[in-house]
Amino acid sequence: MAGFDTLRWRDGHLELIDQRLLPGECRYLACDSAKAVAEAIRGMAVRGAPAIGCAAAYGVALEAHRLRSAGPEKFESGLERAFQLLAGSRPTAANLFWALDRMRRNRDGRRDGDPKAIAAGLLKEAHAILQEDVRLNRRMGEHGAALLDDGMQVLTHCNAGALATAGHGTALGVIRSAVAAGKSISVVVDETRPFLQGARLTAWELAQDGIPVTLIADSAAGHFMRRGEIDAVIVGADRVAANGDVANKIGTYTVAVLAQRHSVPFYVACPLSTIDLGVASGADIPIEERGAEEVTGYRDVRWAPAEVTARNPVFDVTPAALVTALVTEKGVINAPDRNKIMALFQ
Ligand code: MRU
């Protein structure tokens, strides 16, 4: 288990590690309203599909708590605004909408209750979502660890670790579980331009755990695969379509194509809450496009000319055909397709 809490409930508010500051500084950001949580999600203080879902659930709970004495009408309309605000914070991660749906069902189940009881129920549900996430990541880790042999060198892209979840991680959870089972695993991590989740976050969290990690430029992945230095690829997911297509951090598709070219297995680890049966294929997954300034520079440094046009899609879609196996809390699904994914939900 990683030695930090990505999100935690303290003294009536939500605290999140402000991931924009890592690895230089590990500082918690306190949020006391849905607006503050939505801003933290949009601004990337908290990121990674399951972590965003957990944060959004607490955003709803915080707003209910804030409005619990405002009278039933103000409570209802304020809470509805909170749901809208949080749903509009980022478009791609299925877990955000999954968590909001779950919070909405919890609220709807108590429609006649008084605001204080509803607020208490929503907070309990947010805690349950967070605790469940850690539990499912551990289960996923146990299933996925069997895919990794002692001595393997594994490539990952972006950050699908404890920082992207409530704890343990999805892709990094599989690696952590394999290491906990006594296997020696080393990790090659793509830096993950433009937001550098690999360089800043994955490298940081693996180093904290003492798991050997080597950072490479994204463009070096093919070079190392060609030399036979990568035994497997494992990544997380932001949304998986009903046919098994996977939306994940921009650059994942490139890695999957390279893996196929070099006969390297390409694994995707995600909980069922990342699978969206409402989208038939990857073509229907909304892909977030963020500001050009993330591509033209980083923080205060600008390296591209001010007038240049830049595009910044932050996710891409890997077709199911390139996925060797999907690792979920229900087990490992080889060559995922629509039928196998449907069976997971039965
Ligand atoms: O833009 P981000 O940092 O939120 O993107 C995160 C990813 O793409 C992760 O790989 C994904 O959410 C899986 S997290 C367990």
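Visitor: Which strands form the open sheet of 4 strands, and in what order do they lie?

Guide: Strands of a sheet pair through backbone hydrogen bonds, either parallel or antiparallel. In this predicted model, where local features need pLDDT of at least 70, side-chain atom pairs count only at pLDDT 80 or more, and totals for chains, interfaces and linings use all residues, the open sheet has the order S11-S8-S9-S14 with mixed pairing. Strand S11 (275-276) and strand S14 (315-318) stand at the edges with a single partner strand each, so one side of each is left without a neighbour in the sheet. Residues are numbered from 1 along each chain as its sequence is written, and side-chain values use heavy atoms, with hydrogens and water left out.

Visitor: What counts as a strand, and what counts as a pair?

Guide: Strands (E, at least two residues) and helices (H or I, at least four) are DSSP runs numbered from the N terminus, and two strands pair if DSSP finds at least two bridges between them. Strand S8 (residues 239-241) and strand S9 (residues 246-249) pair in the antiparallel sense over 2 bridges, with arginine 239 opposite alanine 247 in S9. S9 is also joined to S14 by 4 bridges, again running antiparallel, and there lysine 249 stands opposite phenylalanine 315.

Visitor: How many residues lie between the strands in the hairpin of S8 and S9, and how many in that of S1 and S2?

Guide: The hairpin of S8 and S9 has 4 residues between its strands, and glycine 244 in it takes a positive phi near 95°. The hairpin of S1 and S2 has 2 residues between them, and aspartate 11 in the turn has a positive phi of about 45°. Strand S1 (residues 7-10) and strand S2 (residues 13-17) are antiparallel over 4 bridges, and tryptophan 9 has leucine 14 in S2 as its bridge partner.

Visitor: What area is buried between domain 1 and domain 2?

Guide: The size of an interface is often given as the accessible area lost when the parts come together. Domain 1 (7-137) and domain 2 (140-344) have bounds from an automatic or database domain assignment. The area buried between them, that is, the accessible area (1.4 Å probe) that the two parts lose on being put together, summed over both, is about 2,600 Å², of which carbon and sulfur atoms give 55%. Arg47, Thr92 and Asn137 supply 27% of the area that domain 1 buries against domain 2, more than any other three residues.

Visitor: How many residues are in contact, and which residues form the salt bridge?

Guide: Counting contact as heavy atoms within 4.5 Å, 30 residues of domain 1 touch 35 residues of domain 2. A salt bridge needs a side-chain nitrogen of Lys or Arg within 4 Å of a carboxyl oxygen of Asp or Glu; the count between the domains is 1. Glutamate 288 forms a salt bridge with arginine 90, with the closest N and O atoms 2.8 Å apart.
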